[in-house]
Amino acid sequence: AFFLNAAMKLNLEFEVEQEGVDMCKAMEKKEKKDNITGAIRMLRADGASDETIITKVTNLFHVSKEYVLDLLKELVA
């Protein structure tokens, strides 16, 4: 699984469990992150402030303010 992630540049976040790596959870996390990132980009394109983006994204996707702040930083870099 780790090789596949690196070879295909999927940027998946794995959770290693007693039974092994759960690819389904990793794919779900990646899809959710991609959806949130897309929403942030759309809100920015519409001229929304970071405060508005944080409020809307945390409410819509049920994620923490810190998570959204990290994504906002990633998109600036």
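I take buried to mean under 20% relative accessible area and exposed to mean over 50%. I also note at the outset that I am reading a predicted model.

**Entry: overall make-up**

I looked up the secondary structure and found 4 helices and 2 strands, which follow one another along the sequence in the pattern α-β-β-α-α-α. Of the 77 residues of the protein, 23% count as buried. For the surface I noted that the protein exposes about 5,700 Å², with carbon and sulfur atoms supplying 56% of it. When I turned to contacts between residues at least 6 apart in sequence, I found that 30% of them join residues at least 24 apart.

**Entry: the nonpolar core**

Which residues make up the largest nonpolar core? I listed 12 residues in all, namely Ile 36, Ala 39, Ile 40, Leu 43, Ile 53, Ile 54, Val 57, Phe 61, Val 63, Val 68, Leu 71 and Leu 72. The elements that give two or more residues to this core are helix 2 (23–45), helix 3 (50–61) and helix 4 (65–76). As background, I recall that nonpolar side chains in soluble globular proteins tend to be buried together.

**Entry: helix 4**

I checked the length of helix 4 against expectation: at 1.5 Å a residue its 12 residues should span 16 Å, and its end C-alpha atoms are 17 Å apart, which agrees. In this helix Val 68, Leu 71 and Leu 72 are buried. Seen down the axis of helix 4, the buried residues fall within an arc of 105°, so they line one face of the helix. The buried residues of helix 4 pack against helix 2 and helix 3, whereas the face turned away from the buried side carries the exposed residues Glu 66 and Lys 73.

**Entry: two threonines**

I then looked for what its side chain meets, and found one of its polar atoms 2.8 Å from the backbone oxygen of Lys 33. Leaving aside neighbours within four places in sequence, Thr 37 is in contact with Leu 71 and Leu 75.

Thr 58 lies in helix 3 and is buried, with a relative accessible area of 18%. The side chain of Thr 58 reaches the backbone oxygen of Ile 54 at 2.8 Å. With neighbours within four places in sequence again left aside, I found Thr 58 in contact with Val 63, Ser 64, Lys 65 and Val 68.

**Entry: His 62**

Where is His 62 placed? I found His 62 in the loop between helix 3 and helix 4. The phi of His 62 is near 55°, a positive value in a residue other than glycine.

Note on methods:
Residues numbered from 1 in each chain as written. Predicted model: local features only at pLDDT ≥ 70, side-chain atom pairs only at ≥ 80, totals over all residues. Heavy atoms only, no water. Core = buried A, V, L, I, M, F, W, Y, C linked by side-chain atoms within 4.5 Å. Buried < 20%, exposed > 50% of the residue type's maximum accessible area, 1.4 Å probe, protein only. Polar contact = N/O pair within 3.5 Å; in protein donor to acceptor, adjacent residues only side chain to side chain. Contact = heavy atoms within 4.5 Å. Expected span 1.5 Å × (residues − 1). Arc of directions from axis to C-beta. Areas by Shrake-Rupley, 256 points an atom, 1.4 Å probe, with all protein chains shown as cover.
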